[in-house]
Amino acid sequence: MMLRRPLFWLILLLAAVFAWLPKHGNNVALREDLILVAVAIILTSNLNLMIGYTGYVNFGHIVFYGLGGYVGLYLMTVRSWHLIPAALTAGVAVSVLALLFGLGILRLRGAYFALATIGVLEAVQAFVSNFESWGRSTGMYVSFESYVPMGGPKHALWLTYFLIIGVMALSLMLSLGIRRSKFGLGLFAIREDEDAAIVLGVNATLYKAIIYSVSAFLPAVAGALMFFKNGMIDPSIAFEYMLSLEGIVMLMLGGQGTVAGSALGAGLYERLRSYLLTSPRLSAFHLVIAGALLLLVIRLAPGGLIGWLYRLVPRSREVIE
Amino acid sequence: MKRTSLIAFLLSLFFVAGGFAQTITLGFTVSRTGSLNVDSLEQYRGFELWRDTVNAAGGIKAGGKSYKVQFASYDDESNSKRVQQLYTRMILEDKADFLFSPYSSSLTATASIVTEQYEKIMLTTGAAEEKTYKLGNQHLYQMFAPATQYLTVALDALKAKDPKATVAFVYEDASFSVAVVTPAKAYAQQLGFNVVFTEAYAPNTTDFSAIIDKVIASKATVLLGGGHYADGSTLARQLYGHKVPLKMISLLVAPDSPQWAELGDAAVGVIVPSQWEPQSTFKAQYGPSGADFGKAYTAKYNAPPSYESAGGYASGLVLQHAIEQAGGIDTDKVAGALNSTDITTFYGRTKFSTVASEHGLQVGHAIVLAQWQKDKAGKLVKQVIWPLAGKSADLVYPIH
């Protein structure tokens, strides 16, 4: 079923291009640019499962990324685990925690839910800031020796990059798979009218808790990988509220509720910010220009870029989901 | 024959001129936007003034060549995820020969993962946290005195004045202040002080009433702690407002700013640990005197230099000294010169640890203590009160 959908092959192609481009010619600077794009896509496409598919605005989505980073780094630095099992364990642990949180806060709706997600972010940050085993506010640092089993930092960072690209592809596949599944239909029903969905037999609380938990898994894995690459973690960089907001902006820009929209929005936004930051002429005004462009896009294309494409070429819906 | 010698002469002129035209590229990020903006910009001004001074004097002279200094610098948005992207870019695309650190310990730790794997020398300034230098890095060199010293020095000054004081620690629950207070508390107990109260407050706290009530109840006579500008100034104002009978207050970072004088009477007597103060009287073996640096800085930026600016300028000086000693810009030779550096500039002494487990950690530079005092005209001024050898005034104790 998946194999017949063009977007499935486009995702594979995107991942292959991301993996091949920097490796071919050993272009590390390009790798560093693309890894930020890949992380933006991971965060946005998983956020899309909550906002775009289920209609629940999650302002605290970054908490999964940060917690994943903490669990992963703890396992790697204190327990001396290898990167891959540590990242996977981080994903599972954060998902289970999200399921527990979700069963509690997903009984709330609309603005109340949105506020509760900010509460979760604040509460987790406060807990981590006081948790002795995770270094409290000073955080945890990766020793340079941690890179040795992977053949030194150069190899370790390439490995991290390929893993991130894999997680990016999985994130998009996950969105694509859920979109046409019975479970996905249940989520869309909740988004359109939750009471009607319940009357029709959708177990809304359970569905929402499951998707909340599922949307936590891959961001947590990405968090473990990225903070390993980063070399350190502390509460201020792990739970940056601004990153949560940026995720929502990227989703709006690309088009919420669509798989391609989340990737497109994340990719464009991240590249635009990077370009403006390093452009000799525009760097002094990068925030002003980014802000103005976003305003324009949202004003002219309220359904995001994919929504605009659907209006322009209605048949594109069949290909670009 | 004549023509050949003329051509040879012109060619040699060309090569000599070419020698003069050599440049070295220094890469670093500046937090032009985001929460670290103010301090990072001060640090940048230090780099910039050093570059302009060096270039005006014809560049760095080493091994018979002159090297003009140019910068490759970007805005890191005070954001750690940008730092690795930009440091990689500076090393690989801008071909930076040497690097300076971003501002703050966490951004520096993140940048060091990149600089270390390319074996590039990075002088770190604005990064006092020690952990980064104990992770096996071989190319990092710390310009700031380590974070552990910030409040231990204040405790030394207190010990000399009042060994029976009772101490309270009230500090921001953030990376830097926790790294400072944890060893300071242990040191206080080691010196025999009675630590009667310890509390960390959340960053962005604006109401300290509950904490202040606890400080009063604890009967502490000395309060040490703070964090950054906003919380530190609010804490000082509210301590004054509640008329807490404290004999000594020492807060991190905030009282170093010239803005501190705007607190009026609440500012009086507050002590700040500082990496450098304009009144410091170090006899410079190399580079300008403190007075000359202060004058040049104020003329260019119309504001007095802070210790971040002094740290920035001194990083440039120390790198320049090492390049001159190494006779060129070869990384291994310059690293060797930095390893054996032991010089005093206007900023104080600079010496890096060469012990493998803490390579690059600053072991020569020491923290000075400054206290806000009223001069004869009743104007608030910052005076250096510690170390005693470099003091510009005596410690006022008790404050009131």
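This is a predicted model: local features need pLDDT of at least 70, side-chain atom pairs count only at pLDDT 80 or more; totals for chains, interfaces and linings use all residues.
1. Residues are numbered from 1 along each chain as its sequence is written, and chains are lettered from A and ligands numbered from 1 in the order in which they are written.

2. Chain B is divided into domain 1 (2-145 + 280-358) and domain 2 (149-274 + 367-390), with bounds that come from an automatic or database domain assignment. The centres of the two domains, taken over C-alpha atoms, are separated by 33 Å. Their contact takes nine residues from domain 1 of chain B and 11 residues from domain 2 of chain B, where two residues are in contact if their C-beta atoms, placed from the backbone, lie within 7 Å. On the side of domain 1 that touches domain 2, the residues divide into three nonpolar, five polar and one charged; Ala, Val, Leu, Ile, Met, Phe, Trp, Tyr, Cys and Pro count as nonpolar, Asp, Glu, Lys and Arg as charged, and the others, Gly among them, as polar.

3. One open sheet of chain B has six strands in the order β2-β3-β1-β4-β5-β6, and its pairing is mixed. Helices (H or I, at least four residues) and strands (E, at least two) are DSSP runs, numbered from the N terminus, and two strands pair if DSSP finds at least two bridges between them. At the edges stand β2 (60-62) and β6 (140-142) of chain B, each with a single partner strand, so one side of each is left without a neighbour in the sheet. Neighbouring strands of this sheet are turned by 30 degrees against each other on average, direction ignored.

4. Within this sheet, β2(B) is joined to strand β3 (residues 65-75) of chain B by three bridges and the two run antiparallel, with B:Ser66 in β3(B) as the bridge partner of B:Lys61. Strand β1 (residues 23-30) of chain B, by contrast, runs parallel to β3(B) and is joined to β3(B) by eight bridges, and here B:Val30 stands opposite B:Asp75. β1(B) also pairs with β4(B) in the parallel sense over two bridges, where B:Leu99 in β4(B) is the bridge partner of B:Gly27.

5. Axes are lines fitted to C-alpha atoms, for helices over the stretch in contact, and angles run from 0 to 180 degrees between N-to-C directions.

6. Chain B also has an open sheet of seven strands with mixed pairing, in the order β8-β7-β9-β10-β11-β14-β15. Its edges are β8 (194-201) and β15 (380-386) of chain B, each with a single partner strand, so one side of each is left without a neighbour in the sheet. Neighbouring strands of this sheet are turned by 25 degrees against each other on average, direction ignored. Strands β10 (residues 248-252) and β11 (residues 270-274) of chain B pair in the parallel sense over two bridges, and B:Ser250 stands opposite B:Ile271 in β11(B). Helix α7 (residues 209-218) of chain B lies across β7 (166-172), β8 and β9 (222-226), running at about 175 degrees to β8(B).

7. In chain A, the axes of helix α6 (residues 152-179) and helix α9 (residues 204-230) come within 10 Å and cross at roughly 165 degrees. The helices α6(A) and α9(A) are therefore roughly antiparallel to each other (angles over 145 degrees count as such). Residues that make the contact include A:Leu163 and A:Val167 of α6(A) and A:Leu225 and A:Phe228 of α9(A). By class, this contact of α6(A) with α9(A) has 11 nonpolar, two polar and one charged residues.

8. The contact of the chains takes 26 residues from chain A and 28 residues from chain B. On the side of chain A that touches chain B, α2 (28-54), α6, α10 (235-238) and α12 (259-278) of chain A each supply at least two residues, and the largest share, five residues, comes from α2(A). By class, that side of chain A has 10 nonpolar, 10 polar and six charged residues.

How values were computed:
Angles under 35 degrees count as roughly parallel, over 145 as roughly antiparallel, 65 to 115 as roughly perpendicular and the rest as oblique.
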